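This report describes a protein model through its secondary structure, its packing and its side-chain pairs. The structure is shown first, and the account follows.

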Amino acid sequence: MMSSIDEVAGGIILWKDRVRNSIPNLFTFGNLYCGFLAIVMAAKGDFQNATLLIVIAMMLDSLDGRLARMLGVAGDFGKELDSLADIVTFGVAPAMMAYYTYFYEFGEVGLLISALFPLFGAFRLARFNLSATNVASAYFSGVPITAAGGILAVVTLFSGRMNDLMVPLVFTGLAFLMVSRVKIPSFKDIPVPRHTFVITFTLLYVTYVMIARSNEWSTFWFVAVPLYIAFLLFSFIKKKKQKQHSNG
């Protein structure tokens, strides 16, 4: 009888560990899925939805690593899976957007140039994985592909309102900054507010509903995201002041 109880208890513990290990990976898979959909949208010329999906993927990417460290399950598997997802979402998808909005005019040469962005991004991720540890670092070496891909996607979305040279200049600058040795603050030590996950999923759900029912999602999104970022900054500053007050 006792042995059966022990087996059941052991099975429950094993199941809980597997679930805990899987939670961060679900966010990474969400990142990858958004990247695939962004590529499809870019190929259709729907750059608004492609940018939206990349922004959503950035949110998911910012949470998977934090969750892994929070749950104590950070490891090599999650790191490699995250890198593979990042190459697709923040390397290939923004490069596709840049190609279909600007570089397509140069034929095969433009196609070859567009491919440099994910190539540089893959190099940057490989270098990062060789030097990274499970301990959060205060600085990145070079611009992360997540930030580079997100910036390129947004610039591409508004390229029609900018100078014609803006896309190639931003494209080239970000590509070389990814493989550079410039130190960029990682912000990994910023505490995640307890309501962050709820707000993130609320934004994702509302966005999905608005896309499904109408095409009037863009105004909401470009208002919601700045408010969301402002909320995170406010929470971080508040927590930092509280920490300084408690230490003092």
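## Salt bridge

The structure holds one salt bridge, a term that requires a side-chain nitrogen of Lys or Arg within 4 Å of a carboxyl oxygen of Asp or Glu. The partners are Lys79 and Asp76, whose closest N and O atoms are 3.7 Å apart. Both residues belong to helix 3 (residues 76-101), and because they are three residues apart there, about one helical turn separates them. Asp76 is exposed, its relative accessible area being 54%; here buried means under 20% relative accessible area, exposed over 50%, and partly exposed in between (1.4 Å probe, protein chains only).

## Basis of the model

This is a predicted model, in which local features need pLDDT of at least 70 and side-chain atom pairs count only at pLDDT 80 or more, while totals for chains, interfaces and linings use all residues. Residues are numbered from 1 along each chain as its sequence is written, and side-chain values use heavy atoms, with hydrogens and water left out.

## Overall architecture

The protein contains eight helices and two strands. Helices (H or I, at least four residues) and strands (E, at least two) are DSSP runs, numbered from the N terminus. Starting at that terminus, the order of elements is α-α-α-α-β-α-α-β-α-α.

Of the 248 residues, 39% count as buried. The accessible surface comes to about 14,700 Å², and carbon and sulfur atoms account for 68% of this area; such areas come from the Shrake-Rupley method with a 1.4 Å probe, and for residues only the protein chains shown count as cover. Contacts (heavy atoms within 4.5 Å) can also be sorted by sequence separation: among those between residues at least 6 apart, 79% join residues at least 24 apart.

## Nonpolar core

A nonpolar core is a set of buried Ala, Val, Leu, Ile, Met, Phe, Trp, Tyr and Cys residues joined through side-chain atoms within 4.5 Å. The largest one has 39 residues, and Ile54, Met97, Phe117 and Leu152 have the most contacts inside it. Two or more residues are given to this core by each of helix 1, helix 2 (47-71), helix 3, helix 4 (107-131), helix 5 (145-157) and helix 6 (166-178). Helix 2 supplies the largest share, 10 residues.

Leaving aside neighbours within four places in sequence, Leu152 is in contact with Pro94, Ala95, Ala98, Phe117, Val170, Phe171 and Leu174. Pro94 lies in helix 3 and is buried, at 0% relative accessibility. Beyond residues up to four places away in sequence, Pro94 touches Ile54, Thr89, Phe117, Gly149, Leu152 and Ala153. The C-alpha atoms of Pro94 and Ile54 are separated by 8.2 Å, although the two residues are 40 apart along the chain.

## Aromatic pairs

A pair of aromatic rings is described by the distance of the centres and the angle of the planes. Rings of Phe, Tyr and Trp (its six-membered ring) pair if their centres lie within 6.5 Å; planes under 30 degrees apart count as stacked, over 60 as edge-to-face and the rest as tilted. The whole structure has six aromatic pairs. One of them joins Tyr99 and Tyr100 edge-to-face, at 5.2 Å centre to centre and 70 degrees between the planes. Tyr99 is buried, with a relative accessible area of 18%, whereas Tyr100 is partly exposed at 34%.

The ring centres of Phe117 and Phe171 are 5.5 Å apart and the planes meet at 40 degrees, so this pair is tilted. Because Phe117 lies in helix 4 and Phe171 in helix 6, the pair ties together parts that are 54 residues apart in sequence. Phe117 and Phe171 are both buried.

## Helix 1 and the surface

Asn25, located in helix 1, counts as buried at 16% relative accessibility. Apart from neighbours within four places in sequence, Asn25 is in contact with Phe77, Gly78 and Leu81.

Leu26, Phe29 and Leu32 form a nonpolar surface patch with about 280 Å² of accessible area together. Patches are made of residues with over 30% relative accessible area and no salt bridge, where like charges are joined within 9 Å and nonpolar side chains (Val, Leu, Ile, Met, Phe, Trp, Tyr) within 5 Å. Leu32 belongs to helix 1 (residues 2-44) and is partly exposed, with a relative accessible area of 30%.
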